[in-house]
Each structure stands twice: as structure tokens, then as C-alpha cells.
Amino acid sequence: MHLAHRVARWSAGSGMALVTLVTLAALAASAPRLAAQRPAQRPAQLSAETRKYVAVDAPVVVLQHVRLVDGTGAAPRDDQTVVVTGATISAVGPAASTPAPAGARVLDLAGRTVLPGLVMVHEHLFYPTGTVPIYNEHGYSFPRLYLAGGATTIRTAGSMEPYTDINLRAMIDTGAIPGPHIDVTGPYLEGPGLGLYQVHALTSADDAAGMVRYWADHGATSFKAYMHVTRAELGAAIAEAHRRGLKLTAHLCSVTFHEAAALGIDDLEHGILVASDFVPGKQPDTCPAPANAVANSIAATDMAGEAVTGLIRDLVAHHVAVTSTLAIFETFVPHRPTIYQRALDAMTPEARVQYLQNRARIGEDTASSWTVLFRKEMQFERAFAAAGGLLLAGSDPTGYGGVVPGYSNQRQIELLVESGFTPVEAIGIATLNGARYLGRADHIGTVAPGKAADLLVVRGDPATHIQDVENAELVVKDGIAYDAQRLFESARGTVGLH
Ligand SMILES: [Zn+2]
């Protein structure tokens with residue numbers, strides 16, 4: 001099945017084929033608990049390769065005269081000083097009253113804003129390339145692009161090569177390669193029907209629990225279920241993950257959001273656009289046909305109506321988080337901005353052509369319902385957050401291409417602002433909320449003394465002009481400051497290859 005054909009199918013006709021589309025998105029699509037407890041710690045030794053991207057590595061580093069957006073939702077503070085000692089933030093305060101310790105390396109960062117390092121939870125280490133349903137692992141470019149874009153912690157929401165992802169995490173943690181901290185998700189927990197060559201089709205609830213056991217034993221620290229899982233399989237996988245203190249998320253279709261909440265799921269990817277709850281005559285354990293049935297049902301549903309409000313209440317009552325993935329959805333909406341030139345430059349020539357051709361085809365679809373759906377998703381996310389729901393953020397580099405780690409994480413924050421969140425709120429969703437979900441809010445997600453020195457330093461002021469989040473200069477992870485532009489540059493021409 002050719003990718004281009006699938007794109008044509010999604011964008012064809014008034015009924016937007018979200019499910020097929022996201023199928024394509026899918027198509028395109030040690031000790032587990034240690035990460036949560038581990039205090040900030042520098043790798044014992046950085047490799048020569050990792051050192052190439054280090055801008056500052058000193059025992060004590062002082063970031064002086066910065067604007068601070070601390071991730072808590074508090075108002076920005078001007079002319080602040082952040083002191084980093086080892087891998088930890090040791091002081092934060094007004095520049096005038098926060099002296100630099102003797103012997104510290106002092107950086108005058110006037111004109112810059114310091115944010116917490118981003119904590120993004122719908123990430124992947126693979127990318128859609130070519131025309132067959134196989135995803136290429138991107139173990140070279142993606143870790144460095146995530147870090148360059150300011151993501152110091154990511155969760156991979158589904159793995160195509162779990163052993164590779166687990167190995168990459170170890171290589172990053174030991175300083176062999178640059179990259180973010182990674183919550184590695186196991187392989188997709190999915191029933192038959194997806195058509196991706198790399199995905200196992202579950203045969204039973206025991207099979208699902210067995211997969212969780214096996215991959216948790218081998219280093220996966222979270223799990224993701226997918227569109228054709230059954231309630232029994234999902235329930236068994238959740239129970240097994242929870243027994244080990246691990247969380248499970250899903251991109252659902254066969255199981256409704258209400259059903260998943262009752263089964264104890266921790267997070268729902270993508271939001272309302274993949275909720276099958278509103279499909280008339282929905283059969284249990286079955287992803288409704290035709291492929292655009294879910295999308296059509298959402299198009300016909302009032303986001304402010306009782307059905308959606310009731311669903312939000314149910315999710316909040318069950319402490320189910322929702323992950324916003326507007327950056328991937330935007331690629332399906334006609335006449336939205338094309339991805340940044342810098343992200344195009346990161347692609348191989350073939351990947352760039354694949355993206356731009358598909359993008360052009362979508363632009364020609366005058367009957368697309370994606371414009372309406374995109375707005376509905378934004379409205380849902382605002383309502384969910386307003387009702388007390390834990391809204392998370394991720395970029396989801398799948399679809400037909402064009403979602404590029406680092407750049408698209410920044411774009412995701414901009415789209416939250418377009419949805420109606422303030423810049424400070426959007427930054428909190430992309431930092432502290434992710435840390436809360438991961439159970440790591442004591443260590444990461446805000447800029448405060450005692451927390452890990454995971455920071456994003458950007459030129460300008462994203463609190464008043466969110467696009468400034470694109471101006472990453474330094475990304476500090478565990479107290480080591482990396483040069484964002486040097487990392488971006490090192491990935492030029494590689495997305496689509498490795
Ligand atoms: Zn995904």
C-alpha cells in the first residue's frame with residue numbers, strides 16, 4: 001500500500017478520513033522505576049562526539065540577567081539569575097541580589113529567556129519514509145534534534161525498534177551521544193488490522209500482558225496501545241503495567257475513551273479526534289468502518305455539548321491525561337503554514353519531496369473537513385484543561401512526514417497558544433505537565449532550586465511573542481549547556497535517512 005495513495009484517501013471527499021490518516025500516521029506511525037527517583041546527574045564522561053556540541057561545561061555556571069518563565073504558570077520575572085551547580089539548579093533570584101559564586105563561569109544572557117527544558121510525551125525515534133509501511137529508525141538525527149529544540153525529556157509514544165530505543169537511551173545517559181532523557185515506550189500493543197510490517201498483532205489478553213512483562217523486563221518504562229486493541233487486551237496490559245509502577249497510554253479506536261477510562265488507562269493520545277465514543281452504532285472492540293467514521297462523528301458533535309462535557313468529566317474523575325498533538329494534525333489541514341525552512345533543511349532531498357508533494361495534494365482538497373476538525377480539537381483541549389484535566393504535549397513525527405523533532409516541538413507550543421492558552425500556560429503544558437505525568441515533577445519541569453538543571457535558553461521573550469521559542473540558543477541538560485544551533489546543523493540532510 002503506497003503512502004501517497006493513503007494521503008489521497010485521507011484528503012479525499014468531505015468526510016475526512018482521520019482514521020486512515022492516523023493509521024498512516026501510525027503507519028508512518030534497566031530498572032523501570034529508577035528514572036522517576038533518580039536525582040540529576042551528569043554522565044561520568046562525554047564522548048568526543050557529544051563534546052562537539054557542548055557550549056559550556058563547568059562545575060558552577062551562572063545564567064545572568066535573564067527573563068525567567070519558570071514553568072509553574074507564574075508571571076515571567078525580569079533580570080533574574082539562575083545558578084547551576086553540577087547537574088542541579090542551586091539558586092534562582094533577582095540578578096541584583098543573587099551573586100555569582102566565586103570561580104563560577106558567568107554568562108551574561110541579557111535579552112534571553114530561560115524556560116524549563118521541554119518535557120514532551122508523544123515523540124518517536126522513527127520517521128515515515130518511502131512508500132511502504134515500514135518506518136526507518138532515526139537513531140542518529142532524532143535524539144540530537146530533540147535536544148536542539150529544547151526537549152530535555154521525552155516519552156516515545158510507541159516504538160518500532162524497542163531494542164534500539166533502549167540502547168539509544170543508554171548511550172545518551174552515558175554521554176556517548178547527545179540527546180534527551182527518554183521514557184522508552186515498548187512496542188505497540190495492537191490487534192490485527194493495522195498493516196504495518198513492524199507491528200505485532202496481539203492474539204489474546206495473555207499475549208498483551210506477556211508483551212508488557214517482556215519489555216518491562218528489558219527496559220521499557222511505559223507502554224502504548226493502539227487502534228485495534230480489545231478491551232480485554234487493554235485491561236490486561238494496563239494491569240500488568242500498573243503492577244510494575246509503569247504507565248500506559250493509547251491511540252484508541254476499537255475501545256472508546258469512556259471504556260479506557262474505566263479500565264484505568266493513564267493517558268489518551270491525540271485528543272477528541274480519535275475518540276470513537278460518538279460513532280452511532282459503535283460495536284464493542286471494533287474500530288468503526290468506514291475509515292472516516294470517527295472523524296465524521298466528531299465533525300457532527302458539539303464540543304460544548306453534554307456528550308463531550310460528560311466525557312471530559314469522566315476523564316478528569318479517572319485522572320486520565322490527554323496528549324495534545326496539534327503539530328501532526330496541522331500537517332493534514334489545507335492551507336496551514338508549511339514547516340519551517342530549517343526543518344526542510346534537516347531532511348534528505350527525497351524526504352523533502354515526499355513531504356512537499358503530499359502537502360501540496362492536501363492543499364488542493366477543497367472538501368477537506370480538517371480545518372473544522374483542527375478547530376474542534378483545539379476547543380476540546382481548552383475545555384479539558386479548564387475542567388482540571390492534565391493536558392500534555394507532543395509532536396508525533398509520523399503522518400506523511402514533515403513533523404521534524406525539535407522544530408515541531410516548538411511548533412506544538414505555538415499551536416497551544418493559537419488554541420487559546422497564554423504563552424505561559426502553553427509553556428507549562430510542555431514542561432511541568434509532562435513532568436507531572438511522568439512522576440518526575442520533583443526533579444524536572446520547572447526552574448527552581450534543587451531541580452535538575454534542564455533548561456532552554458532562547459533569544460527574545462516567548463511570554464509575549466511565542467514564536468521566540470524557536471530561537472533556541474542553549475539547551476542545558478543535567479547542568480551541561482549544549483549549543484542548539486550546532487546540534488541542529490549536525491542533523492542537516494539526515495531526516496529520512498537515519
Ligand atoms: Zn505517534
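Leaving aside residues up to four places away in sequence, R169 touches I182 and V184. R169 is found in helix α6, residues 162–173. R169 counts as buried because 23 C-beta neighbours lie inside 10 Å, where 20 or more are required. R169 and D70 are 99 residues apart in sequence, and their C-alpha atoms are 27 Å apart in space.

The model is predicted. Its mean pLDDT is 92, and 92% of the residues of the protein reach 70 or more. Residues 1–36 are a stretch where pLDDT stays under 50. For residues 1–36 the model has 93 contacts beyond four places in sequence.

### Overall form

The protein has 19 helices and 19 strands. Its radius of gyration is 21 Å, close to the 23 Å that the globule rule gives for 498 residues, so the protein is as compact as a globular protein of that length. The C-alpha trace spans about 70 × 45 × 45 Å along its principal axes. Of the 498 residues in the protein, 57% are buried.

### A buried tyrosine in a loop

Y188 is found in the loop that lies between β11 (181–183) and α7 (205–217). Is Y188 buried or exposed? Y188 is buried, because 29 other C-beta atoms lie within 10 Å and the cut-off is 20 or more. Not counting residues up to four places away in sequence, Y188 touches G158, V199, K224 and Y226. I172 is 16 residues from Y188 along the chain, and the C-alpha atoms of the two are separated by 23 Å.

### Pairing of strand β2

Strand β2 covers residues 60–68. Its pairings with β3, β5 and β6 are set out below.

| Partner of β2 | Residues of partner | Sense | Bridges |
|---|---|---|---|
| strand β3 | residues 77–85 | antiparallel | six bridges |
| strand β5 | residues 105–108 | parallel | four bridges |
| strand β6 | residues 112–116 | parallel | two bridges |

L68 has R77 as its bridge partner in β3, and V114 as its bridge partner in β6. For V61, the bridge partner in β5 is R105. In a regular strand, side chains alternate between the two faces of the sheet.

### Helix α14

Helix α14 runs over residues 349–363 and has 15 residues. From its first C-alpha to its last, α14 reaches 21 Å, close to the 21 Å expected at 1.5 Å a residue. Which residues of α14 are buried? The buried residues are A351, R352, Q354, Y355, N358 and I362. These residues are on the same side of α14, because they cover an arc of only 160 degrees around the axis. P349 and A360 are exposed on the other side of α14.

Methods:
Residues numbered from 1 in each chain as written. Predicted model: local features only at pLDDT ≥ 70, side-chain atom pairs only at ≥ 80, totals over all residues. Expected span 1.5 Å × (residues − 1). Buried ≥ 20, exposed ≤ 12 C-beta atoms within 10 Å, placed from the backbone. Arc of directions from axis to C-beta. Pairing = 2+ DSSP bridges. Rg over C-alpha atoms; globule rule 2.2 N^0.38 Å. Contact = placed C-beta atoms within 7 Å. pLDDT = per-residue confidence, 0-100.
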